[in-house]
Structure formats: structure tokens, C-alpha cells
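Good morning, and thank you for coming. I shall speak about pockets and about the packing of helices.

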Amino acid sequence: MEINHRLLDGRDFIPLGIDIETSSSDFNNGVILSIGAYDPSGDNWKGRTFYTEIRYTGSIPVNAEAMRVNRIPITGVDNPQLPDLSRATELLEEWLGPRSRRYIPVGFNVASFDIAFIKKYMPTVQRRLGYRAIDLNALIFTESLKHKCRFIDLKAQYKRKAKIVTEKVVTGRSEHDALYDAILAIIILKNFVRNIDDIKMGNS
């Protein structure tokens with residue numbers, strides 16, 4: 001499905017949907033198992049994707065609940081066809097392209113969770129992405145205050161609408177898949193931007 005994301009042209013930055021699946025919810029006791037990214041500006045604002053799982057040899061720290069959620073088989077993490085962490089980092093940096101492309105990460109809890117893991121395990125990627133981020137929870141909390149509605153209901157509404165589009169962009173994937181969630185984040189952001197009242201700068 002071809003989608004035009006030009007609504008998200010921030011002029012001086014590019015929103016980047018990014019998501020990871022991990023072996024634990026704590027970056028001190030877990031590793032990145034897969035990473036997905038979605039650049040809506042790619043291919044003339046039709047979007048481009050990045051996804052890889054990561055190979056580990058030997059034992060890795062595992063949390064049963066995290067593995068249940070991400071559905072990545074632990075027996076497959078030593079697949080020799082997968083890139084190791086160093087190579088996965090290189091591939092992602094190559095995909096991000098020149099440093100003149102200023103990305104701002106987008107996602108649910110993206111700064112406190114995804115970027116925290118990336119900072120530890122892919123520090124060169126984290127430095128490229130910087131310290132600013134668009135947290136979708138914060139946006140939805142703000143809108144729920146404006147409309148005096150329940151946050152959990154509004155979040156579910158945003159997700160429900162975005163899933164319809166996401167599943168047309170990428171097939172064979174679902175929530176808690178890193179690429180699916182990266183695309184979903186961008187679709188939710190675009191729907192949020194559509195909902196913002198037009199405000200002329202300087203007149204607020």
C-alpha cells in the first residue's frame with residue numbers, strides 16, 4: 001500500500017518510528033533481540049523500513065514475561081544467518097544515512113525504554129538520534145486532558161485506527177514485532193497531528 005506521509009514534514013527534523021524487542025524489560029538485565037525503524041520521509045515521503053534480529057552466542061539474560069510478549073524463540077538467537085550486535089549497529093547506521101538527516105525518535109515510552117537500551121548496546125546509534133524524542137503517551141495524555149476523556153480509552157482508539165493502516169503497510173506482522181510497532185508509532189503520530197487545531201505561530 002502506498003501512503004503519503006508529507007504531513008509529517010517537520011522541515012528541520014524527521015520523525016523516526018523506532019522499536020526494539022528485548023529479553024527483559026530492564027536494560028541492565030536484558031539484551032536487544034530485534035530492532036525495527038520506519039522513516040516516513042523515505043521514497044519521497046512514502047516511507048522506508050529497517051528490521052533485523054540480532055545473533056547472540058552463549059547464554060543471555062532472559063525474562064519469561066518479556067519473551068512471551070515478543071514471541072521471539074530463544075532457541076533461534078544463535079542463528080548464524082543473523083548479524084551480531086556490532087554488525088546490526090553498522091547496518092542501522094548505514095540505513096539512517098547522512099548526518100544531515102536529523103531524526104527524532106517516536107514511540108510509546110521511546111525515551112525511557114527503547115533509547116535506554118539503544119544507548120547501552122548501540123551507543124553510536126543513540127548519539128546519532130540525540131536526546132530528544134516524541135513520546136506518544138505524553139501526546140495522548142495531553143489530548144485526554146483537553147477533551148476530559150480517559151487516557152486508556154483514547155490510546156486504544158488511536159491504536160485501533162492506526163492498526164488498520166499499519167497492516168496494509170506491512171503484512172504478516174502484529175503488535176510486539178519491532179517493525180510493526182515502529183510503523184504503528186508513525187501512523188499514530190500522523191493521526192495526532194491531523195487532530196491538532198490549526199494554531200498560527202505567535203497567536204497562542
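**Pockets and helix packing**

The second largest pocket has a volume of about 150 Å³. This is a predicted model, in which local features need pLDDT of at least 70, side-chain atom pairs count only at pLDDT 80 or more, and totals for chains, interfaces and linings use all residues. Residues are numbered from 1 along each chain as its sequence is written, and side-chain values use heavy atoms, with hydrogens and water left out.

A pocket here is an open set of points on a 1 Å grid over the protein atoms alone, where a 1.4 Å probe fits, with protein on both sides within 12 Å along at least five of seven lines; lining residues have an atom within 4 Å of a point. Its volume is the space filled by probe spheres set on the points, which are joined across faces, edges and corners.

Which element gives the most to the lining of the second largest pocket? Helix 8 does, with 3 residues. Helices (H or I, at least four residues) and strands (E, at least two) are DSSP runs, numbered from the N terminus. The lining includes Leu7, Phe13, Leu139, Leu189 and Phe192. It divides into 10 nonpolar residues, 1 polar and 1 charged; Ala, Val, Leu, Ile, Met, Phe, Trp, Tyr, Cys and Pro count as nonpolar, Asp, Glu, Lys and Arg as charged, and the others, Gly among them, as polar.

The largest pocket holds about 530 Å³ of space. Asp19, Glu21, Phe113, His176 and Asp181 are the closest to its centre among the 24 lining residues. Strand 1 gives the most to this lining, with 5 residues. By class, the lining of the largest pocket has 8 nonpolar, 8 polar and 8 charged residues.

I turn now to the helices. The axes of helix 6 (residues 136-147) and helix 8 come within 11 Å and cross at roughly 30°; axes are lines fitted to C-alpha atoms, for helices over the stretch in contact, and angles run from 0 to 180 degrees between N-to-C directions. Helix 6 and helix 8 are therefore roughly parallel (under 35 degrees). On helix 6, Leu136, Leu139 and Glu143 make the contact (heavy atoms within 4.5 Å). Their partners on helix 8 include Leu189 and Phe192.

Helix 7 (residues 151-169) and helix 8 (residues 178-195) have axes that come within 8 Å and cross at roughly 125°. Among the contact residues are Tyr158 and Val165 of helix 7, with Ile187 and Phe192 of helix 8. This contact divides into 10 nonpolar, 3 polar and 4 charged residues.

Terms used
Angles under 35 degrees count as roughly parallel, over 145 as roughly antiparallel, 65 to 115 as roughly perpendicular and the rest as oblique.
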